Amino acid sequence: MIRHDILKELIPVISDHLVVCNIGLPSQELHMLDDQPSNFYMLGTMGLASSIGLGVAMAQKDKVIAIDGDGSVLTNLATLSTIANNPCGNFILLIIDNGSYGSTGDQATYAGMKTSLTAVAEACGCENVVECSAEDTVDTVKTALAGDEMTVIISKCQSGNVPVPVIEIDPVVIRQRFMDEIAKRPANQ
Amino acid sequence: MTTATDAKIVDDLIANDIRFITTVPCKQLAGVIEVLNETDEIHHVPCNKEDEGMGLCAGAYMGGKRPSIIMQNTAIGVTVNTLATLIQFYNIPLPMLISYRGEVGEKVACQVEMAIHTKAILDQLHIPYYHFHHKDQVGELDGILKHTQMCKKPTAILMDASFWGSAA
């Protein structure tokens with residue numbers, strides 16, 4: 001399974017939740033599969049999906065899923081220590097770890113070599129870290145959503161992409177509709 | 001050891017509904033950070049690097065809490081891409097309270113190397129900035145914070161050694 005297969009299977013599970021999605025193909029795939037005001041697409045700024053997601057989780061009560069990639073987490077590795085030391089029960093970080101920089105031509109990342117993001121997350125102090133196969137990702141996310149403990153999921157999948165259109169929505173529209181959606185969530189009333 | 005100026009800065013942040021602050025420390029900012037840690041109204045989350053901190057701020061803003069970041073001017077070099085492609089691109093109001101190292105009174109020569117680029121980078125990014133050189137200028141902070149929310153832009157408040165010295 002590649003990232004697109006995982007996202008496609010995840011849609012029924014995450015569609016109604018707040019999602020902060022990583023730059024490049026992950027956001028473009030999510031946008032193509034299931035565009036929603038509850039999705040925040042990163043159009044730039046590699047590496048900050050987990051930080052933005054944690055910020056949203058800290059500021060309001062509804063559950064937040066940040067969909068990140070191994071290459072992006074590596075570029076902001078210290079995020080895992082911030083996440084560990086500021087645990088939010090409403091935050092799930094899903095790292096889709098395909099061992100490659102998918103949006104730039106599938107160059108290998110160190111996460112596909114000697115570096116284990118699972119071990120890094122645990123060493124940073126994250127208490128609920130789950131590494132799973134691509135096939136088990138949907139069930140793992142379901143379990144995390146059903147609980148009230150912050151969860152870091154590392155989903156190991158194959159490298160590869162599908163053709164997707166770029167996102168043409170204005171960034172301010174993406175931001176404002178996401179904020180409006182957050183404001184009307186029952187958890188925030 | 002905190003000063004009346006440290007307390008005034010945090011009071012103005014509270015009065016302007018700033019409810020989330022991330023920091024990377026500087027010794028000139030130690031007093032402000034100490035006051036913040038004793039302030040229940042503001043959620044203070046230390047970050048490891050300032051671009052990470054701006055990600056937290058963007059998220060907090062979308063979650064309904066007005067953010068601010070406290071950092072050193074060296075961070076302007078670190079955060080150029082994040083300022084352009086996240087904070088400016090998505091129109092996120094972000095007052096940046098910046099310890100302006102490398103100005104007159106500085107003891108560490110290397111700090112001057114980034115000081116001489118600080119305003120040039122802010123000019124290049126079209127980020128409004130305000131240079132506080134004396135403690136009396138802290139009176140402008142309230143207006144700057146309101147201006148930041150109104151225009152939904154990042155703004156930089158540069159507080160140099162003379163400012164902190166006059167406030168001591």
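**Exercise 1. The sheet of chain A**

Task: State in which order the six strands of the open sheet of chain A are arranged, and which strands stand at the edges.

Solution. Step 1: In this predicted model, six strands of chain A make up an open sheet with the order 2-1-3-4-8-7, and the pairing is parallel. Step 2: Strand 2 (39-41) and strand 7 (129-133) of chain A each have a single partner strand, so one side of each is left without a neighbour in the sheet and they stand at the edges. Step 3: From one strand to the next, the twist averages 20 degrees.

**Exercise 2. Strand 3 and its partners**

Task: Find which strands pair with strand 3 of chain A, and over how many bridges.

Solution. Step 1: On one side, strand 1 (residues 18-21) of chain A runs parallel to strand 3 of chain A, and four bridges join them. Step 2: Two positions can be located in this pairing: Leu18(A) has Val64(A) as its bridge partner, and Cys21(A) stands opposite Ile67(A). Step 3: Strand 4 (residues 91-97) of chain A also pairs with strand 3 of chain A in the parallel sense, over six bridges. Here Asp68(A) stands opposite Ile95(A) of strand 4.

**Exercise 3. Burial of strand 3**

Task: Decide whether the residues of strand 3 of chain A are buried or exposed, and say which way they point.

Solution. Step 1: In a regular strand, side chains alternate between the two faces of the sheet. Step 2: In strand 3 of chain A, Val64(A), Ala66(A) and Asp68(A) point one way, while Ile65(A), Ile67(A) and Gly69(A) point the other way. Step 3: All of these residues are buried. Step 4: Because six of the six residues of strand 3 (residues 64-69) are buried, the strand is largely enclosed by the rest of the structure.

**Exercise 4. Helices of chain A**

Task: Work out where the buried residues of helix 1 of chain A lie around its axis.

Solution. Step 1: The buried residues of helix 1 (residues 3-14) of chain A are Arg3(A), His4(A), Ile6(A), Leu7(A), Leu10(A) and Ile14(A). Step 2: Viewed down the axis of helix 1 of chain A, these residues fall within an arc of 140 degrees, so they line one face of the helix. Step 3: The elements they pack against include strand 1, helix 2 (25-34) and helix 7 (137-146) of chain A.

Task: Classify Met32(A) by its surroundings, and name its contacts beyond its neighbours within four places in sequence.

Solution. Step 1: Met32(A) is located in helix 2 of chain A. Step 2: A residue counts as buried at 20 or more other C-beta atoms within 10 Å and as exposed at 12 or fewer. Met32(A) has 17, so it is partly exposed. Step 3: With neighbours within four places in sequence left aside, Met32(A) is in contact with Val164(A) and Pro165(A).

**Exercise 5. Chain B**

Task: Determine how helix 3 and helix 5 of chain B are oriented to each other.

Solution. Step 1: The axes of helix 3 (residues 50-62) and helix 5 (residues 80-88) of chain B come within 10 Å and cross at roughly 5 degrees. Step 2: Angles under 35 degrees count as roughly parallel, and the two helices of chain B are therefore roughly parallel to each other. Step 3: Asp51(B), Met54(B) and Ala58(B) in helix 3 meet Thr82(B), Leu86(B) and Ile87(B) in helix 5.

Task: Identify which element gives the most to the side of chain B that touches chain A.

Solution. Step 1: In total, 25 residues of chain B are in contact with 27 residues of chain A. Step 2: Strand 2 (43-46), helix 3 and helix 5 of chain B give two or more residues to this side. Step 3: Helix 3 of chain B gives the most, with nine residues.

Definitions and conventions
Residues are numbered from 1 along each chain as its sequence is written. Chains are lettered from A and ligands numbered from 1 in the order in which they are written. This is a predicted model: local features need pLDDT of at least 70, side-chain atom pairs count only at pLDDT 80 or more; totals for chains, interfaces and linings use all residues. Two strands pair if DSSP finds at least two bridges between them. Axes are lines fitted to C-alpha atoms, for helices over the stretch in contact, and angles run from 0 to 180 degrees between N-to-C directions. Angles under 35 degrees count as roughly parallel, over 145 as roughly antiparallel, 65 to 115 as roughly perpendicular and the rest as oblique. Two residues are in contact if their C-beta atoms, placed from the backbone, lie within 7 Å. The arc is that of the directions from the helix axis to the C-beta atoms.
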